[in-house]
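Visitor: I have a few questions about how the parts of this model meet. Could you walk me through them?

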Amino acid sequence: MIKIENLHANIDGKEILKGLNLEVNAGEVHAIMGPNGAGKSTLASILAGKEDYEVTAGSVTFEGKNLLELETDERAKEGLFLAFQYPVEIPGVSNINFLRTALNEKREYHGQEPISAKEFMEMVREKSKLVELDPKLASRSVNEGFSGGEKKRNEIFQMAMLEPKLSILDETDSGLDIDALRIVAGGVNALKSKDNATIVITHYQRLLDYIVPDFVHVLFDGKIVKSGPKELALELEEKGYDWIKAEFA
Amino acid sequence: MSFTKNLSISPFVSAELAEKAKSALEATPWPTTRMEHWKYTRVAKLQKLNFADHTGTLANKEQYIIDPDYPTVFFVNGHFIASESDLNTLDNAISVKVLSEEKIKIDQSSLTIDDELFNALNTAYLTDGIEVNVSKKSTGGKLQIIHVLSGDTAISNFKTIINIEDFAEFDVIQGFFSEQGAVNCFANVSTEIKAGINSTVTINKFQYEDEACFHINTEVVEQEKDSHFTINTITLNGGLVRNNLKIDVNGENATTNLYGAYVLKGKQHVDNHTVVDHKVANCYSNELYKGVMDENSTAVFNGKVFVRPDAQKINAFQSNGNVLLSGDATINSKPELEIYADDVKCSHGSTTGQLDDDAIFYLEARGISKPKAMALLVSAFVGEAFDKIENEHVQGFIHQKLHERFNWQF
């Protein structure tokens, strides 16, 4: 599904990613863990297309296409989804209007007819249940006045609506209490299929109790330094990141 | 004055008033940016043009109709187009008199003429005008007045006088347009409104003349006690547009709403000067103007609220918000409060910014293209002012024009 090879990237002249390799296939869940400042969120931002970063070397192939040549919106239309660590509040733009615009742009891109109002509202009802999102929030302005948990649930709700091939969850667990975490993870698990894939970026092992990964990777100093089965996450939790630092710094 | 050399004194004002206006015009220096009132708006170009009185015709009036349910009168370059106007559905509690049709001569005006060059010009050289009287029996009376500029260096000096009797309700739409190819045309219009006791008045003013045209608009409003007055000023096109809005709140327990939105591009220059004068106690005024400027456009907002001595318990709110879409666009915003009473609740504020890059990225990351993401954010921003408009036809017309001119879709 996605193949990242020798990815190097800078921000303001400072190198953040230093030769990152990762391959994710359909049906898989990959967790990327690592200490603060390792480049986890940078990776998510670069894959989504944020312009602040400069890719200096390497390649990213997504479903056979050169991802780095696509605009941010085209990446989304091709099926890439980023659940933001800090979802943005957008006053005046309703969740509904925004999602319908997004959904219809994607359909148009793939040569499909726009979704009917009835079909769309049914979809909203069904998908908001998945993350126990109050349907009233759907008609409010995007994320405005939402609690931290509501914002994260809204991210997964959007993911459910847009039905991406590859979802990248950037620190989705940050700021969530255990109930919200369970709901968010439940939503992600319900959306999992043999045709899509998920990359879970997290600092803590806790989320991985709920979203069980097939592979765990340790990102340190701009590179993936260690990969393993889900038990690796437990080992990291137990030992902390210091032994990684000692081994690879 | 050379720029009036092609104009003749109006047959629709009394000789005395015309003479007074003409002397005021001659005694008033041409506005320059050294004058506080014209600090950010240059009108020098107007002085160099020899405007003339031109009649015109309407090729396709349908395109200018904002609300098809309103009785409508059309004026081209200030001249009445009787054949296209239709007052059949006019509420019989309302009388509408076109000055030229009824051979009326105006002999008094609540417009300030001294030191107000464009008001003096409007009065002395009045092209035509209408007098509207809304009687006590009117509930839900309405009228649409459509102004169209046409040709080259045509001037329309137009006056609307509206008297709303006590307890009456009245909605008026004023639309300003120009025919294709209109160049250097100038609409210099004035509106005088008297809102009687407990009356309710709404004005929806829509300005959409070509970038090659000029527009100076002065409204003077007098509100009696318990009256409700609302004006929505929407400016989506026009080369040079200046709106002077002066509201005297003369009676207690009156409500005044001033809302406006301007969306500009090219080299447009749009200036809104508003004054709300709270002369008595226990009144409420609320002002909200929002603007979006792209390319090389410039907007000016100068809102003044006076609270006179003894005008206690006044609630007056004023806010102006702006978004600049281009590094070459400009906004000059000056909200002002002058309070001489001590028991009032007043606030004012002005914000200017750019679109939030994080919000644009967020929308793009959901598959919305950048131009559409920007249009969504911009329309959400000015939408707050559009949402104040209760008439759905007016709202729909605005959306249609935003789509035509800016390619925004809703």
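Guide: Gladly, and please keep in mind that this is a predicted model. Eleven residues of domain 1 of chain B are in contact with ten residues of domain 2 of chain B.

Visitor: What makes those residues of domain 1 and domain 2 of chain B count as being in contact?

Guide: Residues are in contact if their C-beta atoms, placed from the backbone, lie within 7 Å. Eleven residues of domain 1 of chain B are in contact with ten of domain 2 of chain B, so they meet that cut-off.

Visitor: Which strands supply at least two residues of the side of domain 1 of chain B that touches domain 2 of chain B?

Guide: Strand E9 (200-208) and strand E11 (228-237) of chain B each do. The largest share, four residues, comes from E11(B). By class, that side of domain 1 of chain B has six nonpolar, three polar and two charged residues.

Visitor: How many residues does the contact take from chain B and from chain A?

Guide: The contact takes 19 residues from chain B and 20 residues from chain A. On the side of chain B that touches chain A, helix H5 (357-364) and helix H6 (370-386) of chain B each supply at least two residues. H6(B) gives the largest share of that side, eight residues.

Visitor: What classes of residue make up the side of chain B that touches chain A?

Guide: That side of chain B has ten nonpolar, three polar and six charged residues.

How values were computed: Residues numbered from 1 in each chain as written. Chains lettered and ligands numbered in written order. Predicted model: local features only at pLDDT ≥ 70, side-chain atom pairs only at ≥ 80, totals over all residues. Contact = placed C-beta atoms within 7 Å. Nonpolar A, V, L, I, M, F, W, Y, C, P; charged D, E, K, R; others polar.
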